[in-house]
Protein chains: 2
Amino acid sequence: MAIPRWLNEAEMNAWLGFITTTPDLMNAIERDLGVFGLDAGDYQLLAMLSEAQDHQLKMCDLADTLRLSRSGLTRRMDGVVKAKYVERIQDKDDRRASFAHLTAKGYEFLKKVAPLHLKDVRSRMIDLLNESEIQALGSAFAKINAHLRTTG
Amino acid sequence: MAIPRWLNEAEMNAWLGFITTTPDLMNAIERDLGVFGLDAGDYQLLAMLSEAQDHQLKMCDLADTLRLSRSGLTRRMDGVVKAKYVERIQDKDDRRASFAHLTAKGYEFLKKVAPLHLKDVRSRMIDLLNESEIQALGSAFAKINAHLRTTG
DNA sequence: TCCAAATAGTTGCGCACGCAACTACTTAGG
DNA sequence: CCTAAGTAGTTGCGTGCGCAACTATTTGGA
């Protein structure tokens, strides 16, 4: 096991910037959403459903896209179901399964919140960056993600 | 409140890549560290102390750099103190304050683990990227961080 | 000098999460 | 068929975290 090369200055900036700034950025965006009584997890859940066919997704698929465990999704659903933003619907074909379905109330709510959330994402990240940085972030995370898919 | 511009394709790639890949990447690196009985928080704590003057930092400064609340740091300290990697030292000048001090055992342990952690960071992120992507990540997070410092 | 305000650290509490175990149902192989 | 293995979702439990409240100490005016 050879000692790997240490990080040079640019690599260190990239790595340290990433791990120190990411939590701060996420917390800031989470606080922005808090005004509407939502946290980032709730928002992501509603956003995923709004983009899905018929505004609904199988629970297991939703859990995967949200990077949540099955139990984590069950509990998170409890919150948005209680708020009447989402309802659970039994799958007619597979009685084990159920769908998370965005209600009309949930959709109206999301249509109100989404532009404000987008504004926060722009002001806190996207609009601060030039075109080549945007491009580089996209390709960098695509590469990292692809590597994670092959190695676990 | 005008509706802000929606994200174009490159912006969407950057944003979605960031929010979906980051948790997966962090989880993977966390699993890598788990082999040594450490989680990412413990590692960061030891790493910060190893780079500090006299291998020690005031608790409140350490909490800030680790992005932890005071109570969060208190609890995290409990773990590494029990493992004898860190010890609490009373500040002689300010009897409210105390230092977290990396023990010899903790330093030896970190010297063993750091190269392996670095190898994981390289293979999961840094070595996947070309020079301009590294550069862009560094400058992008520096800009985001600077903006967070001014706006909160 | 003295007391109010600020600061360092800890503790009680609640929340979100993952893991493991469980129930209920579906699917595959004999 | 019928049973074993697999899959969907929920629940119990433990963990790590932040917030608020608390103690102890320091600091900054009147």
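The model is predicted, so local features need pLDDT of at least 70 and side-chain atom pairs count only at pLDDT 80 or more, while totals for chains, interfaces and linings use all residues. Residues are numbered from 1 along each chain as its sequence is written, chains are lettered from A and ligands numbered from 1 in the order in which they are written, and side-chain values use heavy atoms, with hydrogens and water left out.

Visitor: How much area is buried between chain B and chain A?
Guide: The size of an interface is often given as the accessible area lost when the parts come together. Buried area here is the accessible area (1.4 Å probe) that two parts lose on being put together, summed over both. Carbon and sulfur atoms give 73% of the area between chain B and chain A, and the total is about 5600 Å².

Visitor: Which residues of chain B lose the most area to chain A?
Guide: Contact means heavy atoms within 4.5 Å, and 57 residues of chain B are in contact with 57 residues of chain A. Three residues of chain B together account for 11% of what that side buries, and they are Trp15(B), Arg122(B) and Phe141(B).

Visitor: Which residue of chain A forms a salt bridge with Lys143(B)?
Guide: A salt bridge is a side-chain nitrogen of Lys or Arg within 4 Å of a carboxyl oxygen of Asp or Glu, and the rule finds eight of them across the interface of chain B and chain A. In the bridge of Lys143(B) the closest N and O atoms are 2.9 Å apart, and the partner is Glu133(A).

Visitor: Which helix gives the most to the side of chain B that touches chain A?
Guide: Helices (H or I, at least four residues) are DSSP runs, numbered from the N terminus. On this side of chain B, α1, α5 (104-124) and α6 (131-151) each supply at least two residues. The helix that gives the most, with 17 residues, is α1(B).

Visitor: With which side chain does the side chain of Asp24(B) make a polar contact?
Guide: A polar contact is a pair of N or O atoms within 3.5 Å; within protein, one must be able to donate a hydrogen and the other to accept it, and residues adjacent in sequence count only if both atoms are side-chain atoms. Leaving aside neighbours within four places in sequence, Asp24(B) is in contact with residues including Arg67(A) and Asn145(A). At 2.7 Å, the polar contact is with the side chain of Arg149(A).

Visitor: How far is a polar side-chain atom of Arg96(B) from a base oxygen of DNA strand C?
Guide: A residue is near a strand if one of its heavy atoms lies within 4 Å of it, and 20 residues surround DNA strand C. A side-chain N or O atom of Arg75(B) is 3.2 Å from a base nitrogen of DNA strand C. For Arg96(B) and the base oxygen, the distance is 2.8 Å.

Visitor: Which residue has a polar side-chain atom 2.5 Å from a phosphate oxygen of DNA strand D?
Guide: Of the atoms of DNA strand D within 4 Å of the protein, 59% belong to sugar or phosphate and the rest to bases. A polar backbone atom of Ser98(A) is 2.7 Å from a phosphate oxygen of DNA strand D. The side-chain atom at 2.5 Å belongs to Thr74(A).
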